[in-house]
Amino acid sequence: PVDISVAYTTADVEANATVAEGATVAAQNAHVTARNDDSFDTSVSVIALGTGSAGIAAAIADGYTTDANAHFGASLSAVLDDPTTTNVDESQTSANSLIVEAESMTSKDSVSASTTVGAGLLVRFFTAPVADALSAVKGKFASVFDAINVIKFGASIALTLDETHTASATIGGDPAHAPTIRANQVAVVANTLDQGVRSNADSST
């Protein structure tokens, strides 16, 4: 008998935070954030004990895509513009801060496959006494046991295909409609993290 197992995963994760062009925002502090927090784990195992002759395990992570986009296209000040007011001190109308932040954070990105065919080390530890007890019988019927003995085959595959992790943080937009931003502090930040990357495949017979 042949035991085959396949684990296949795919993911498309997107986070968007947008303040559209043409808008006017009055605030002391403006913070626009788009964030993904992801954890991916694809695993499969095949255990073909006893008379099992072959085992194949395949774990495939295909096309993971994570994307975070933060965009601020509006005009910003501490107070709304009043066209009837003149000689306004700009320092009094400026917002304290504008922060536009995009983060695509993957804490785990693991793919693993394992195959065990026949009696592995753990199984042999527990079955060794029985094997010893049957050794005399096997000696008498050696030719029969040799005839039914088969080759043990185990294979494992762990694949990661076409991953894309991106983050984008922007301000402004169409040059013809550029916003007016009055803020003492402006930060535009984009972070991409892909950690805990593992791709493991093992087999034993």
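Select D62 first: in this predicted model, D62 stands opposite L161 in strand β9. Next, display the two strands β5 and β9 together. They run parallel and are joined by 9 bridges.

In general, the strands of a sheet pair through backbone hydrogen bonds, either parallel or antiparallel.

Proceed to D162, which lies in the loop between β9 (153-161) and β10 (164-171). The phi angle of D162 is near 50°, a positive value in a residue other than glycine. Most residues other than glycine have a negative phi. Is D162 buried or exposed? With a relative accessible area of 65%, D162 is exposed.

Finally, select F40 and Y64. The structure holds 1 aromatic pair, and F40 and Y64 form it, with 4.2 Å from centre to centre and 25° between the planes. The pair counts as stacked because its planes are under 30 degrees apart. Where in the chain are the two partners? F40 belongs to strand β4 (residues 29-48), whereas Y64 sits in the loop between β5 (54-62) and β6 (65-72); the pair thus links distant parts of the chain, 24 residues apart. Show the surface around both residues: F40 is buried at a relative accessible area of 9%, and Y64 also counts as buried, at 2% relative accessibility.

Conventions: Residues numbered from 1 in each chain as written. Predicted model: local features only at pLDDT ≥ 70, side-chain atom pairs only at ≥ 80, totals over all residues. Heavy atoms only, no water. Phe/Tyr/Trp six-rings, centres within 6.5 Å; stacked < 30°, edge-to-face > 60°. Helix = DSSP H or I, 4+ residues; strand = E, 2+ residues; numbered from the N terminus. Buried < 20%, exposed > 50% of the residue type's maximum accessible area, 1.4 Å probe, protein only. Pairing = 2+ DSSP bridges.
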